[in-house]
Amino acid sequence: MVPHLVIPLMLYTNQYKTNGENMFKEILELGFLCIVFGGVLWLTYFATKKIGTANKKMYFNKNMEIIEVMSLMQGQYLYIVKVGGSYHLMGCAQKGNMTYLKELDENQLNLEENIGTSFQEHFIQFMKGKQVLKDEEKE
């Protein structure tokens, strides 16, 4: 059984011993494939970045802004929309079916900014909790 495994290995290594040019061509081919792969990754990054900035521009308007969204049921939402200087309540019952409900008074709305915590802050709190648990186990 051992000769069956050794003979192909010998043939493979002998191929490069007799023909060093063939090995050089394969190394060049591998380098070329690495360059092509890097180029494809770069093009993917560039295209994703370009599409992301185009979508970002679409959602940032000067005169219109979605202030708040509340889900009522699956496919049913209430929107508070700021158009110019006035606030409006809109309803969405199904895909593409928007209903204007009423204009809202700015004094009735709670427009405080809800500043969410970042992932970094959550991670730090998580690690502190783990550290506290480890310290409690030592005592």
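## Pairing of β2 and β3

In this predicted model, strand β3, which spans residues 86-94, is joined to β2 by seven bridges, and the two strands run antiparallel. Within this pair, L78 stands opposite G91 in β3. The hairpin that β2 and β3 make has two residues between the strands, and G84 takes a positive phi near 65° there.

## The strands on either side

Strand β2 (residues 76-83) also pairs with strand β1 (residues 64-73), again in the antiparallel sense and over eight bridges. M73 is found opposite Q76 in β2, and the hairpin formed by β1 and β2 has two residues between them, with G75 in the turn showing a positive phi of about 85°.

Strand β3, for its part, is joined by seven bridges to strand β4 (residues 97-104), and these two run antiparallel. Here M90 stands opposite Y100 in β4, while the hairpin of β3 and β4 has two residues between the strands and places G96, with a positive phi of about 80°, in its turn. As a general point, the side chains of a regular strand alternate between the two faces of the sheet.

Key. Residues numbered from 1 in each chain as written. Predicted model: local features only at pLDDT ≥ 70, side-chain atom pairs only at ≥ 80, totals over all residues. Heavy atoms only, no water. Pairing = 2+ DSSP bridges. Helix = DSSP H or I, 4+ residues; strand = E, 2+ residues; numbered from the N terminus.
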